[in-house]
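Me: Could you walk me through the salt bridges here, one question at a time?

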Amino acid sequence: MLPNINQQQNAPSPTQRYGTVSQRLPIGLDESTRQSSVTMLNQLLADTMTLRDMYKKHHWQVVGPTFYQLHLLFDKHYEEQAVLVDSIAERIQILGGVAIAMAHDVAELTSLPRVPRDREEAPVQVSRLLDGHQRILKNCHDYASKADETGDDGTNDLIVSELVRTNELQVWFVAEHVVDSPLTQAE
């Protein structure tokens, strides 16, 4: 038996539209709380997916005297951001929302500036990553407070315990590569 391909041509309407929430799961939160959290989490998801991809781009393209250290660090942080992406998307689904998933949708929603296709010097890469973390962390602080105010403890916990802690730790590791001392040459 052959697989039934091209099913999308005669597909019925979507089971759930993006931007809506369903009450399928009885988790004790009203619709407005779920909607508010899903909107915030989709923003964090788009930004986290963008930061994750920035780490992989910089992992591939890093050059210079700290190549090896940054190459490994960027890949480690990419993997950690990928874990966050999955946690955020799963929380959106638990709340009855639809998680953003496709690159073109992420590019449209993210608040992080688009990174050029060019290879950049390591200090520029580090600066871009720190800026991305700072933007995400500012949103995290705001969104954690809003989730707390609406009684969405699960979303608050995810943001504080996973997103803030992981991003702050990554900021520390990346920022330590910014030093205010000139390189010297051996004689």
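Reply: Happy to! Buried means under 20% relative accessible area, exposed means over 50%, and partly exposed lies in between (1.4 Å probe, protein chains only). This is a predicted model, where local features need pLDDT of at least 70, side-chain atom pairs count only at pLDDT 80 or more, and totals for chains, interfaces and linings use all residues. Residues are numbered from 1 along each chain as its sequence is written, and side-chain values use heavy atoms, leaving out hydrogens and water.

Me: How many salt bridges are there by this rule?
Reply: The rule asks for a side-chain nitrogen of Lys or Arg within 4 Å of a carboxyl oxygen of Asp or Glu. Counted that way, the total is seven.

Me: In which helix do Glu80 and Lys76 lie?
Reply: Their side chains form a salt bridge, 2.5 Å from N to O. Helices are DSSP runs (H or I, at least four residues), numbered from the N terminus. Glu80 and Lys76 are four residues apart, about one turn, and both belong to helix 2 (residues 67-94).

Me: What is the relative accessible area of Arg135?
Reply: Arg135 pairs with Asp131 in a salt bridge of 2.7 Å, N to O. Both sit in helix 4 (residues 122-150). Asp131 is partly exposed at 29%. Arg135 is partly exposed too, and its value is 33%.

Conventions. Helix = DSSP H or I, 4+ residues; strand = E, 2+ residues; numbered from the N terminus.
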